[in-house]
Amino acid sequence: MAAKLAAFKAVDPSRYIVYVGFILILIGFSIVLRDDGFLTTRNLLNIVQQTAPITVMAVGMVFVLTAGEIDLSIGPIVAVSALISAIVLRENFWFLGAFAGLLAGAAIGAMNGLLVAYMRLPSFLVTLATMGFLAGVARWLTDLKSVPITNDTFNGIFGAGTLFGVPSLVMWTIGIVFLGHFFYRDSRYGAHVHAIGDSPLSARAVGIKVDRVRFSVMVLSGACAGLAGLLYSGRLHGARYTLGETDLLTVIAAVIVGGTRLNGGVGTVVGALIGSLLMGLLNNGLILMGLSVSEQLMVRGVILLAAIALTLRETRT
Amino acid sequence: MKPRVQLKLTAIAAAIAALSTGAIAQTMGPGGESPTLASEVTLTDAEVQQIKGMDATAALLWHTSSDFVNAVTAGAEDEFKRLGIEVVATTDAGFDSAKQMSDIETVMAKSPSIILALPLDPTTSAQAFKSAVDAGVKIVLLSNVPSGYVQGKDYVGIVTDDLFQMGKQAADALAESIGGKGKVAWIFHDAQYYVTNQRDNAFKQTIESDYPDIEIVAEAGIADPARAEEIANALITKNPDLDGIYVTWAEPAEGVLAALRAAGNTTTKIVALDLSEPLALDMVNDGNVVALTADKAYELGRTMATVGAYGLIDKPAPAFSVAPAITVTKENVADGWKQSLNREPPQSVIDAMK
């Protein structure tokens, strides 16, 4: 009994605040919007599907933040990857289009990684610069024109398709979160990422290849943003230079609300998923409540502030 | 038939069509549709009664939030109220195609009978609106149409402001203010966006064809309105003797005005599209701003709601309805505000007029 009590006391409540908040908001909306289609399977699946690209980017961001870095360039990576895959798909097999988009994301991440890990430049400034550069590339690639995607296989795999009745965007969410969670918590790589975020000097002293891990988290973040670009373009059956433009703050908010620390060392992939779903839940519920756009923004801001305050306060204690 | 002859015949046919409808020939629909005046889109008393008994609902899925959108919303909401149609949701996609698709999916949970929306981009909007089309929602489009969509089948009708006239009237107003000759700059919206592209090009086309003594000596595109001031600074530095500047819409024009003020420039004239309090105040105080051209946004919203109601009762709707443009100067600022946004000008402007 005493052992059970001790184990119970050892549980860190800060890690569960976001889950409790999420469930409370879900229950709140379910009561208020009981007659407005909120609790239908279709609407709840919509929330997961709509947040799939944010969730995928959030998983990459958890690794980056835990390693004590940040990636501000994910928004335009989404657009560049989506456009490149759409261009390649005009005349090629679906796999080539998807591969090209993912490769573009990873390659941009590698460029960021080289500058951060090997040139020793701060990731905040490097990715701030590449964010601007890539926004220009996205506009220049097709001269602002949208590129339609008519490849049904691609659109099915990355957009509106289903497998055994489960929408593909839900499958992507589950798959990426599962993989991310495993590598983050249970692999040697994840342990290295944590160690570097805690103390790069100590990590180096115990033989961790700090530069290589820093490089890799930037590549991972770029690849995740590239995959998010594919998910957006598959969903919309086309790519456009504005895709991902407004996602950066949503992704960071989702990750922080989920319990990942902005200055490294601590994080959670499942928390990031919950944070991302929370953002989608708020968007969805506030629209269904029939609020005006201004009211939606204000209410969302207040709820997010409360969630962040709770998460960060508990983390500090 | 030789292409040039064919072109002339097409132009004559368009002119005849324009005369017969009483509309302006130049603003054509995204698919080349001829315009119908918004004032011709009406419902009979019997039709109003029929619609009132339908318990219909509507959702407003906007592309952004602005004074213009507020006025369109007000016009639509007033008309929906008159018709006994409840507005169940309003959204703002923030110019993001993916967010617009999410908004549509979310709103479909409330099964609205009518959707009023501005599709952000023809290519990606085709998929974004598909769930609403499949569910048989009566969709009324503002200015833009998704690729491959057919009027009467996928959507009820398009309503827009008279984009060509807005650009043309801005050109006429600027030309008049500088005596029909001089050097002007053209600050356009550097994006693939039907509404601003049409208006910007109409200004340029009018100056080039109607005003041989006016030269466009500088062109600058803006993608981010917040950067308008620095773009204007560069323009003024390179061309200190500019007589006039056209700015694509009000928000960047406020930045251009700030740049002129900072440079102590009181002679270069500004024309811009859409109404804005700071610009109107400068205009009333005899500053750099000489005219603002605007659309009748409230009327546009009313027309969209009425076209939606056409869809409910299967009344054939015009493919492309146009709300007229107006030029607002110091002389007609109060009336212009009323006509465009259906409200009085801001108090600061009223005070400055006294």
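This tour goes through selections in chain A, then the side of chain B that touches chain A, then one residue of chain B.

The model is predicted: local features need pLDDT of at least 70, side-chain atom pairs count only at pLDDT 80 or more, and totals for chains, interfaces and linings use all residues. Residues are numbered from 1 along each chain as its sequence is written, while chains are lettered from A and ligands numbered from 1 in the order in which they are written.

**Stop 1: helix α11 of chain A**

Select residues 210–236 of chain A, which form helix α11. Helices (H or I, at least four residues) and strands (E, at least two) are DSSP runs, numbered from the N terminus. The expected span of a helix is 1.5 Å times one less than its number of residues. For the 27 residues of α11(A) that gives 39 Å, and the end C-alpha atoms are 39 Å apart, in agreement. A residue is buried if 20 or more other C-beta atoms, placed from the backbone, lie within 10 Å of its own, exposed if 12 or fewer, and partly exposed in between. In α11(A), 24 of the 27 residues are buried, so the helix is largely enclosed by the rest of the structure. Step just past the helix to H237(A), which takes a positive phi of about 55°.

**Stop 2: helices α4 and α5 of chain A**

Select residues 74–89 (α4) and 94–118 (α5) of chain A; the two helices pack at an angle of about 150°, with their axes 8 Å apart. Axes are lines fitted to C-alpha atoms, for helices over the stretch in contact, and angles run from 0 to 180 degrees between N-to-C directions. The angle makes α4(A) roughly antiparallel to α5(A) (a term for angles over 145 degrees). Residues in the contact (C-beta atoms, placed from the backbone, within 7 Å) include I77(A), V80(A) and I84(A) of α4(A) and W94(A), L96(A) and I108(A) of α5(A). By class, this contact has 12 nonpolar, five polar and no charged residues. Ala, Val, Leu, Ile, Met, Phe, Trp, Tyr, Cys and Pro count as nonpolar, Asp, Glu, Lys and Arg as charged, and the others, Gly among them, as polar.

**Stop 3: helices α8 and α13 of chain A**

Next select residues 168–186 (α8) and 269–288 (α13) of chain A, which pack at an angle of about 145° with their axes 8 Å apart. V177(A), G180(A), H181(A) and Y184(A) of α8(A) meet V269(A), V270(A) and L273(A) of α13(A). The classes here are five nonpolar, two polar and no charged residues.

**Stop 4: two loop residues of chain A**

Most residues other than glycine have a negative phi. Select L144(A), where phi is near 70°, in the loop between α6 (123–141) and β1 (147–148). L144(A) is partly exposed, with 17 other C-beta atoms within 10 Å. Then select F164(A), with a positive phi of about 50°, in the loop between β2 (162–163) and β3 (166–167) of chain A. F164(A) is exposed, with 5 other C-beta atoms within 10 Å.

**Stop 5: where chain B touches chain A**

Show both chains: 27 residues of chain B are in contact with 27 residues of chain A. On the chain B side, β3 (86–92), α4 (97–108) and α5 (122–128) are the elements that give two or more residues. α4(B) gives the most, with eight residues. The chain B side divides into 10 nonpolar, 11 polar and six charged residues.

**Stop 6: Q339 of chain B**

Finish at Q339(B), in helix α13 (residues 333–341) of chain B. Q339(B) is partly exposed, with 18 other C-beta atoms within 10 Å. Not counting residues up to four places away in sequence, Q339(B) touches K296(B) and I326(B).

Notes:
Angles under 35 degrees count as roughly parallel, over 145 as roughly antiparallel, 65 to 115 as roughly perpendicular and the rest as oblique. Two residues are in contact if their C-beta atoms, placed from the backbone, lie within 7 Å.
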